[in-house]
Amino acid sequence: MALSASSPSSSFLRGSFTPHELKAPWIHSVRLLDQCSVPRDSYSRKFLAKPICAEQKRSDSVVPLAATLVAPEVEDRIETKDYEKLAKEMEQASPLEIMDKALEKYGNDIAIAFSGAEDVALIEYAKLTGRPFRVFSLDTGRLNPETYQFFDTIEKHYGIQIEYMFPDAVEVQALVRSKGLFSFYEDGHQECCRVRKVRPLRRALKGLRAWITGQRKDQSPGTRAEIPVVQVDPSFEGMDGGVGSLTKWNPVANVEGRDIWNFLQAMNVPVNSLHSQGYISIGCEPCTRSVLPGQHEREGRWWWEDSKAKECGLHKGNIKQEEVAQLNGNGKHTNESDTVIDIFNSQNVVTLSRSGIENLARLENRREPWLVVLYAPWCRFCQAMEESYVELAEKLAGSGVKVGKFRADGEQKAYAQQELQLGSFPTILFFPRNVASPIKYPSENRDVDSLMAFINALQ
Ligand code: SF4
């Protein structure tokens, strides 16, 4: 699909304000109401601008950039089939039209994920819509100096302040102290990416209902060939929690790399200086290198790994489920029972063996109630709830409620299906005090508050 860099759609003419001009007076007018405690009713959604609650503001003058003049009505439930239909309808739409639709639909509850590469085109498109918009970026701590300089350039060029997300310092410290600074060369990039990228992303997305990415079909024939322009996010949850609470917009899905570059040049958009050194795709410094003419851009990322494993976890839904099950942390093909990077790793989550959970299930007079997740580490829905489950376990530590996990795929699956009500992954069970049968958590909302309400209702 070719891009036209000349005439933006009429939506560009909708407002005479830039996002930067719009934000300050409006946001200051709602500052006192602009708290996470604002009731989530339709009235408040319609009239208030609301920040991501998942992160700190830099200062009083640094506020979410996308206060909306008229915030949109938000659907209570995202229907996958509705978005499949919308994706088909918008398949031929221009990136500008797709961006406009996304910003119109979600207002302050959507943000652009900016990596510091040619996805700066998304910011330019957002500006061209004339609508307010937000931008966030994952600062892994391992980016090239040129990328940090580029972030600063973009903030100044567009008059925006990028909402940076950082990894958890304790997790980074534990990883580096135990495995060193370059463990990804030895045992695959997933673990480091999980700590430095995926978990911070998950936190960011928990404050949103939709996000915008720069994914393109031509970036990776192995994993991105089928991405739609809009989809229900297959991996992450939005602020309402549960699978299906977040949509993902890919306005340049059908655009080829050379057309992105034509657009950037035509619009005189600043670009990362690494591009002039032969870099196309840009990520962390140790995991990105320049490519030669004719080489595919993804060959410059995690070049020591299998091409099917070249998703850092931010877009792991691109890897088909059966392929995920076949990939272990080294990108080597294996079966699902072999070594896959485990999840729910926390000192507050007890790992139950087969005999451990059998004992727990047999006890009729348990002295302590237990919450146990039956999971498979390769399952994207299990991965999606990892953050909230670990956080829940931390909250429950010392409360008298034990939190555990039981890996129920592979040879344990039949037992879990017959004895533990396993339907699909993840299945969450509550083993009450003094009651023999476990109670299955009935909801797909797997956020901390929902799980806590479930436990409190049964204690
Ligand atoms: Fe770690 Fe490399 Fe992933 Fe960056 S890209 S988070 S350095 S493994």
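1. Let's start with the ligand. In this predicted model, the residues surrounding the ligand are Arg142, Phe184, His189, Cys192, Cys193, Arg196, Lys197, Cys284, Cys287 and Trp302. Sorted by class, this shell holds six nonpolar residues, one polar residue and three charged ones. Which helix gives the largest share of the shell? Helix α9, residues 190-205, does, with four residues.

2. You'll find Phe184 in helix α8, which covers residues 183-187. Is Phe184 buried or exposed? Phe184 has a relative accessible area of 3%, and the cut-off for buried is under 20%, so Phe184 counts as buried.

3. Setting aside neighbours within four places in sequence, Phe184 is in contact with Arg142, His189, Cys192, Pro286, Cys287, Trp304 and Glu305. Take Cys287 from that list: along the sequence Phe184 and Cys287 are 103 residues apart, yet their C-alpha atoms are 8.6 Å apart in space.

4. On to the six-stranded sheet. This sheet is open, has mixed pairing, and runs in the order β3-β2-β1-β4-β6-β5. At the edges sit β3 (163-165) and β5 (230-232), each pairing on one side only. On average, neighbouring strands here are turned by 30 degrees against each other, direction ignored.

5. Residues 135-138 make up β2, which runs parallel to β3 and is joined to β3 by three bridges; Leu138 stands opposite Met165 of β3. β2 also pairs with β1 in the parallel sense, this time over two bridges, and there Phe136 of β2 has Ala113 opposite.

6. What about the two faces of β2? In a regular strand, side chains alternate between the two faces of the sheet. In β2, Val135 and Ser137 lie on one side, Phe136 and Leu138 on the other, and all of them are buried, leaving both faces covered.

7. Two helices to look at against this sheet are α4 and α5. Helix α4 (residues 95-106) lies across β1 (110-113), β4 (210-212) and β6 (247-249), and makes about 150 degrees with β6. Helix α5 (residues 120-129) lies across β1, β2 and β4, running at about 145 degrees to β1.

8. Next, the cores. The largest nonpolar core counts 45 residues, and Phe114, Ile212 and Trp249 have the most contacts inside it. Elements giving two or more residues to this core include α3 (80-89), α6 (145-158) and α10 (257-266). Which element gives the largest share of this core? That is α5, with seven residues. Another core lies apart from this one and has 40 residues, with Ala408, Ala416, Phe431 and Ile455 among them.

9. Finally, the five-stranded sheet. Also open and with mixed pairing, this sheet has the order β7-β9-β8-β10-β11. The edge strands are β7 (350-351) and β11 (439-440), each of which pairs on one side only. β7 runs parallel to β9 (residues 402-407), with two bridges joining them, and Val350 stands opposite Gly404 in β9.

10. Helices pack on this sheet too. Helix α12 (residues 354-362) touches β8 (370-375), β9 and β10 (427-431), its direction making about 135 degrees with that of β8. Helix α15 (residues 448-458) touches β8, β10 and β11, and its direction makes about 30 degrees with that of β10.

Notes
Residues numbered from 1 in each chain as written. Predicted model: local features only at pLDDT ≥ 70, side-chain atom pairs only at ≥ 80, totals over all residues. Heavy atoms only, no water. Pairing = 2+ DSSP bridges. Axes fitted to C-alpha atoms, helices over the stretch in contact; angles between N-to-C directions. Contact = heavy atoms within 4.5 Å. Core = buried A, V, L, I, M, F, W, Y, C linked by side-chain atoms within 4.5 Å. Buried < 20%, exposed > 50% of the residue type's maximum accessible area, 1.4 Å probe, protein only. Near = heavy atom within 4 Å. Nonpolar A, V, L, I, M, F, W, Y, C, P; charged D, E, K, R; others polar.
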